[in-house]
Amino acid sequence: VSASTIEERVQALESEVRRLRDELDVLRVVASYAPSIDGGAVADAPGFWTEDCVYDSDNDEPLRGRGAIEALAERIGQLPIGVGHFMNLPVIVVDGDRATVTNESNTYHPEDGRYVVARVSANRWELVRVDGRWQVATRVNRILDGTDAGRALLTQGIHESLRSHE
Amino acid sequence: VSASTIEERVQALESEVRRLRDELDVLRVVASYAPSIDGGAVADAPGFWTEDCVYDSDNDEPLRGRGAIEALAERIGQLPIGVGHFMNLPVIVVDGDRATVTNESNTYHPEDGRYVVARVSANRWELVRVDGRWQVATRVNRILDGTDAGRALLTQGIHESLRSHE
Amino acid sequence: VSASTIEERVQALESEVRRLRDELDVLRVVASYAPSIDGGAVADAPGFWTEDCVYDSDNDEPLRGRGAIEALAERIGQLPIGVGHFMNLPVIVVDGDRATVTNESNTYHPEDGRYVVARVSANRWELVRVDGRWQVATRVNRILDGTDAGRALLTQGIHESLRSHE
């Protein structure tokens, strides 16, 4: 085995390992949404988002910027009830310093001694790498209620993922 | 450090990195079920399954072949209501060009302004690598209702995973 | 490219690949909780826990030791109803032979032909590597109901994860 062959193989390994690391890092950012918001982590929750992030949900006015994320964590974290934001498994596509994640999510709210599922929705997350750290630039969330918007987010994500991993 | 030692270490790395890649690829196939079906991704949903796949659920007649998966995506994607198929975390065992995944799942259906959990069940997924791409050959789904079939899928998957990762 | 440079790069790869492997192995242990308990895997469920493990839930007296885990799997696995323990995506921090996982979870119980969400809670898992195998040393589980304990588990996990991955 020549040194140059080893060099090429090490280079290929470095590139592949970087992609695996990116996938797990992006997964962790998405996984951090629920505990950071439901836990009311006011100081830390904004750190998962870019400075000029947009969180666009049909449930509310879009949130813009880290201050809005901080206010969200503060509001949820001070509710006299527990709220859970649960994530279905994410479909992750990493492309250099950008990544998209497609998944469904649901919310649990307490009611009459049980928790009820108030909302089931589709998400498209767009992340960017900023100073070596993955952050959410935009999250679009649309209810799954038989209308088109939520389904369109899901089919777009699936289509892009299939093409990206060919 | 001799060249042969480096060669051996690079080989070991290549083998391990392939296994990590396989685990994340298998995870993505399972994660793609919900968005591809709930979104009604008629063109893309069958691509996650083998030509002669079987999706065997005690809820319905077994689905056979990609045409049946396409029909499922079409039917769910045209419902006047939103439906969510949610996946519990998967236990993945990769063995060469075959993989099994064990997990629980649940469905959300709308009812009276809320979503209700119509079904909680156990899954065993068997995947194969076809032309470099992981596809579902069989998925067996059994309700968790105190009967044996669902529990047996879970205990089998746990047992195989423990032995495989010894 | 000098041999020493390759040596350093291979070493860096080995270290990084070990961390990726650890993250996926820890994920699998957490993913194994639900199928091992809900399936009633009496023989295998204790193997995911250390000999002197503690599972401390505000729902019950703490469980101590593998015998208590075995008894839990036996009890759940013999219920005349199906029970599902579902995990939200985990935030994993690996540090050498120790790891912590922060996530939310919920339980599904049958009621009137549906499944109801009886409980939504926060978890902090502490794992250790024993003879090369990741095992749960402690799991602390606190309900998310507007009180502080559950939220504190989440904010602690988020804070540690952010600092660890800087």
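**Entry: a charged residue in a helix**

I began with Arg28(A), which counts as buried because its relative accessibility is 11%, and the cut-off for buried is under 20%. I kept in mind that this is a predicted model.

Next I looked for a partner. Arg28(A) forms a salt bridge with Asp25(A), and the closest N and O atoms are 3.0 Å apart. Why can these two meet along the helix? They are 3 residues apart in helix H1 of chain A, so about one helical turn separates them.

I then moved to Asp25(A) itself. Asp25(A) is buried too, with a relative accessible area of 15%. Asp25(A) also has a salt bridge with Arg21(A), with 3.0 Å between the closest N and O atoms. Arg21(A) and Asp25(A) lie 4 residues apart in helix H1 of chain A, so here too the separation is about one helical turn.

Is Arg21(A) buried or exposed? I found that Arg21(A) counts as buried, at 10% relative accessibility.

I also asked which residue of chain C pairs with Arg21(A). The partner is Glu23(C), in a salt bridge whose closest N and O atoms are 3.1 Å apart. This pair crosses between chains, running from helix H1 of chain A to helix H1 (residues 3–38) of chain C. Both Arg21(A) and Glu23(C) are buried.

A reminder to myself: side chains of opposite charge can pair when their charged atoms come close.

I finished this entry with a count. Over all chains, I noted 45 salt bridges.

**Entry: chain A on its own**

Chain A has 4 helices and 7 strands. Reading from the N terminus, I wrote the order of its elements as α-α-β-β-α-β-β-β-β-β-α.

The C-alpha atoms of chain A fill a box of roughly 70 × 35 × 30 Å along the principal axes.

How many of the residues in chain A are buried? Buried residues make up 59% of its 166 residues. I also checked contacts in chain A with a separation of 6 or more, and residues 24 or more positions apart account for 51% of them.

**Entry: where chain A meets chain B**

I turned to the contact between chain A and chain B, which takes 41 residues from chain A and 43 residues from chain B. The two chains bury about 3,400 Å² between them, with 60% of it on carbon and sulfur atoms.

I counted 5 salt bridges between chain A and chain B. Arg9(A) pairs with Glu14(B) in a salt bridge, the closest N and O atoms being 2.8 Å apart. I also noted 17 residue pairs in polar contact between the two chains.

Several elements of chain A each supply at least two residues to this side, among them helix H1 (3–31), strand E5 (98–111) and helix H4 (148–164). H1(A) gives the largest share, 10 residues.

**Entry: where chain B meets chain C**

I repeated the search for chain B and chain C. Here 41 residues of chain B are in contact with 43 residues of chain C. The buried area is about 3,500 Å², and carbon and sulfur atoms give 60% of it. Leu89(B), Arg151(B) and Leu162(B) supply 19% of the area that chain B buries against chain C, more than any other three residues.

I found 5 salt bridges across this interface. Arg9(B) forms a salt bridge with Glu7(C), and the closest N and O atoms are 2.9 Å apart.

**Entry: how the copies are related**

A rotation of 120 degrees, with 0.0 Å of shift along its axis, superposes chain B on chain C with an RMSD of 0.0 Å. The two copies are therefore related as by a three-fold rotation axis.

Note on methods. Residues numbered from 1 in each chain as written. Chains lettered and ligands numbered in written order. Predicted model: local features only at pLDDT ≥ 70, side-chain atom pairs only at ≥ 80, totals over all residues. Heavy atoms only, no water. Contact = heavy atoms within 4.5 Å. Buried area = accessible area lost by both parts, 1.4 Å probe. Salt bridge = Lys/Arg side-chain N within 4 Å of Asp/Glu carboxyl O. Polar contact = N/O pair within 3.5 Å; in protein donor to acceptor, adjacent residues only side chain to side chain. Least-squares fit on C-alpha atoms with pLDDT ≥ 70 in both. Buried < 20%, exposed > 50% of the residue type's maximum accessible area, 1.4 Å probe, protein only.
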